[in-house]
Amino acid sequence: MPHLHSAEIAIYVKAGGRNDTPGKAGISHFLEHMLFRGSREFASSLELEIAFEAIGGSVNAATDEETTCYFSRVHPDQIAEGIRLFSSMLLRPTLEGIEVEKRIITEEALEDINERGDETNPSNLCSKLLWPEHPLGMPTIGYLETIKGLTEEDLRAYLAEFYVPSNGLIVAAGRHDAKSFFAACEEHFAGWSGPVAPAPVPVSELQEEPRSLFVKDSDSQVNLQIAFRGFSRNDRRIMAVRLIRRILCGGGSSRLHLALREKLGIVYSVDASISAYEETGAFAIELATAPENLVLAVSEVLREVKSLAHEEMDLGELDRVKEGYFFDLEYSSDSTYEMQVRYGWGELMQIVRSIEEDRAEVSAIAAADISRTARNLFAPANLNLVAVGPWKAGSKKVVEKLIKEYRKGW
């Protein structure tokens with residue numbers, strides 16, 4: 001991207017929440033935090049932050065279910081120095097200040113726990129329904145007791161096992177010289193070694209019937225998540241699922257926005273997300289509504305997904321959704337972040353695709369493909385529903401009845 005005046009560096013490690021063991025839930029996320037607390041060359045997080053600011057950067061990181069990513073925008077002339085700073089963080093951390101970091105992460109975890117000690121994050125609760133007794137069903141941040149029990153020895157062991165070259169990828173996007181970039185990587189990561197990381201535990205449990213969970217919480221609204229067991233990232237239907245997300249929750253003209261907000265006025269917003277992992281995935285619809293509107297909201301969501309699966313789709317609607325996707329593809333070529341994700345994360349997961357390839361695949365998707373994918377995705381056996389808030393017992397019974405009735409005519 002030579003026309004830009006900045007570059008972005010990212011370092012991916014193919015290890016995240018699903019690599020945590022039950023007794024060490026949250027260790028991936030905890031280690032990510034600890035790498036900011038200092039290294040052999042930079043004695044504290046302040047020194048490290050000042051070093052990144054000196055090259056036009058602001059270092060950040062994120063841990064998800066399968067990866068941990070460290071990233072920063074830097075000045076194009078400072079890429080080599082940025083790589084040196086990242087190498088210091090990842091290869092020579094001091095891991096000092098563990099007890100302080102435990103207090104910080106505990107505060108973060110408490111945001112999802114109510115005064116009775118109940119988990120209230122609908123996404124975490126839905127993951128538990130989707131993948132029970134599996135690391136994918138555990139919150140990436142961990143639990144209060146597992147965070148409290150982590151030790152330096154645990155972190156060192158995790159580093160040795162998962163922060164290894166076979167699990168790593170370094171990517172730069174923006175204005176840079178490729179030859180200089182590769183030379184800097186070779187210089188500053190020289191000597192990085194370690195065994196091939198162990199493969200994550202695969203999901204073996206099959207969902208065979210709908211599941212639901214209701215958690216009481218003293219809020220003014222009920223936070224609702226309706227999630228369906230989905231497809232792995234290599235599944236050929238993933239592109240159709242991306243279009244389905246746009247059809248249902250892609251903006252002001254999307255079906256659930258029109259039904260729930262513009263027609264009924266029972267939500268402020270409604271969104272959907274796609275999770276696609278090595279061997280499984282999920283499609284989740286999220287919204288918040290007043291307790292008295294819970295039954296109506298669930299009914300409308302189930303009606304819309306069932307309609308998409310069984311009724312013929314208007315070609316004008318599909319064309320409009322595709323055009324929106326094409327515009328977003330073009331817009332992404334202006335973003336160093338989106339380009340480093342496309343080519344960096346894509347290379348790490350061995351699914352690199354160009355914008356042109358995505359566009360060609362979407363162009364070939366027909367209305368029948370959308371319906372067929374929706375029938376597989378939204379099948380009753382894949383359904384998981386979580387409601388958190390001041391729901392009423394009567395509403396709960398009606399929602400459970402709606403879930404049973406959802407099976408009819410499938």
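Which elements each supply at least two residues of the lining of the largest cavity? They are α9, β7 and β8. The model is predicted, so local features need pLDDT of at least 70 and side-chain atom pairs count only at pLDDT 80 or more, while totals for chains, interfaces and linings use all residues. Residues are numbered from 1 along each chain as its sequence is written, and side-chain values use heavy atoms, with hydrogens and water left out.

**Terms**
- On a 1 Å grid over the protein atoms alone, a cavity is a set of points where a 1.4 Å probe fits but cannot get out; a pocket is an open set with protein on both sides within 12 Å along at least five of seven lines; lining residues have an atom within 4 Å of a point.
- Helices (H or I, at least four residues) and strands (E, at least two) are DSSP runs, numbered from the N terminus.

**Cavity**
- One cavity of 30 Å³ or more is found in the whole structure.
- The largest cavity has a volume of about 40 Å³, a volume being the space filled by probe spheres set on grid points that are joined across faces, edges and corners.
- Its lining consists of G230, F231, I238, V241, I274, S275, A282, F283 and L377.
- Seven of these residues are nonpolar, two are polar and none is charged (Ala, Val, Leu, Ile, Met, Phe, Trp, Tyr, Cys and Pro count as nonpolar, Asp, Glu, Lys and Arg as charged, and the others, Gly among them, as polar).

**Largest pocket**
- The largest pocket holds about 1600 Å³ of space.
- Of its 43 lining residues, R242, I274, V341, R342 and W345 lie nearest the centre.
- Helix α13 gives the most to this lining, with eight residues.
- The lining comprises 19 nonpolar, eight polar and 16 charged residues.

**Second largest pocket**
- The volume of the second largest pocket is about 460 Å³.
- It is lined by 26 residues, and E65, S123, N124, S127 and T140 lie nearest its centre.
- The most residues in this lining, five, come from α5.
- Twelve lining residues are nonpolar, ten polar and four charged.

**Helix pair α3 and α8**
- The axes of α3 (residues 79–91) and α8 (residues 178–188) come within 9 Å and cross at roughly 30°; axes are lines fitted to C-alpha atoms, for helices over the stretch in contact, and angles run from 0 to 180 degrees between N-to-C directions.
- The contact (heavy atoms within 4.5 Å) is made by I79, A80, I83, R84, S87 and L91 of α3 and by F181, A184, C185 and H188 of α8.
- Seven of the contact residues are nonpolar, two polar and one charged.
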